[in-house]
Amino acid sequence: MNKRTVIGVPPSYNKDESLELSSTAKYMKYLYQKGADTVMTTAGTSHFNLLSVSEIHALNNTVIEEFKKNKIIGIPALSTLQAVDFIKEYSHVNDDVSFMILYPERFYNYKQIIDYCHKIRDNTKSPIYVHGKTIRIASGGSWDYDHQIINEMFDSQIIKGIKEEHSNLQRSYNFVSNLHNEIDVIVAGGSMRRFEFLESAGANSFLSGIGNFYPEIEQEYLD
């Protein structure tokens, strides 16, 4: 897999806190001119919890239209039917667009997560990533995505990669080192420092830090 930095896209707002898109369009042009490879909208950085579904669509479409290289477009935490309807809105996209699934429920078993992702897979030809955010367990505690479920979904051609978010760095290393070596692994939290540790386990990409302002710094690091 090619090494790259993935730049999370924060939204802009008017003074009345409504979504403002012209600044996002200018920002996408700036990142492209600076040589950025991939941008991403995602639940945290892109404030999905503060936006309506129509506003998320507006933000996503601005990113798709204005950034001329690779885009990973986040799907908010929606029910199965709502997530399918959401992704159907992007039937017009080109080959440079992928999508990222954020599972909306508590963890009960592998099958529910796989079925959820499979339903979305069936409704797009674009590559799919999983947002590897920790999920609450129905009986208490929390569950992190493990290599078995990610490898199974990759082998079944449901997903292309994962945005990794384990809270424990050693567990993250063990997780990444057991993934199929063709899975696109984007590590988050710590940016270059986290990637420096996890690259030897098989990570090939990381969510940007300083690269949000100066993409060339992170590219120089990768080079």
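Colleague: Where is asparagine 151 found?

Modeller: Asparagine 151 sits in helix H5. Helices (H or I, at least four residues) and strands (E, at least two) are DSSP runs, numbered from the N terminus. This is a predicted model, in which local features need pLDDT of at least 70 and side-chain atom pairs count only at pLDDT 80 or more, while totals for chains, interfaces and linings use all residues. Residues are numbered from 1 along each chain as its sequence is written, and side-chain values use heavy atoms, with hydrogens and water left out.

Colleague: Is asparagine 151 buried or exposed?

Modeller: Asparagine 151 is buried, at 14% relative accessible area. Buried means under 20% relative accessible area, exposed over 50%, and partly exposed in between (1.4 Å probe, protein chains only).

Colleague: What does the side chain of asparagine 151 reach?

Modeller: The backbone nitrogen of histidine 180, at 2.9 Å. A polar contact is a pair of N or O atoms within 3.5 Å; within protein, one must be able to donate a hydrogen and the other to accept it, and residues adjacent in sequence count only if both atoms are side-chain atoms. Setting aside neighbours within four places in sequence, asparagine 151 is in contact (heavy atoms within 4.5 Å) with Asn178, Leu179, His180 and Ile183.

Colleague: Which other residues are buried in H5?

Modeller: Besides Asn151, Ile149, Ile150, Met153 and Phe154 are buried in H5. The buried residues of H5 pack against H4, strand E7 (128–132), strand E9 (142–143), strand E10 (161–164) and helix H6 (169–177).

Colleague: How do the axes of H4 and H5 cross?

Modeller: The axes of H4 (residues 110–121) and H5 (residues 147–155) come within 11 Å and cross at roughly 35°. Axes are lines fitted to C-alpha atoms, for helices over the stretch in contact, and angles run from 0 to 180 degrees between N-to-C directions. The crossing is right-handed: the near helix is turned clockwise from the far one by less than a right angle.

Colleague: Which residues meet there, in H4 and in H5?

Modeller: Tyr110, Ile113, Ile114 and Cys117 from H4 meet Gln148, Ile149, Glu152 and Met153 from H5. By class, the residues of this contact are 6 nonpolar, 1 polar and 1 charged. Ala, Val, Leu, Ile, Met, Phe, Trp, Tyr, Cys and Pro count as nonpolar, Asp, Glu, Lys and Arg as charged, and the others, Gly among them, as polar.

Colleague: How many residues has the largest nonpolar core?

Modeller: The largest nonpolar core has 59 residues, and Ile113, Tyr145, Ile150 and Met153 have the most contacts inside it. H4 gives the largest share of this core, 5 residues. A nonpolar core is a set of buried Ala, Val, Leu, Ile, Met, Phe, Trp, Tyr and Cys residues joined through side-chain atoms within 4.5 Å.

Colleague: What does isoleucine 113 touch?

Modeller: Not counting residues up to four places away in sequence, isoleucine 113 touches Tyr103, Phe107, Ile135, Trp143, Tyr145 and Ile149. A second, separate core has 8 residues, including Val6, Ile72, Tyr129 and Leu207.

Colleague: Backbone next. Which residue takes a positive phi just after H5?

Modeller: Glutamine 157, at about 60°. Most residues other than glycine have a negative phi. Glutamate 17 also has a positive phi, of about 75°. Glutamate 17 lies in the loop between strand E2 (12–13) and strand E3 (19–20) and is exposed, at 66% relative accessible area.
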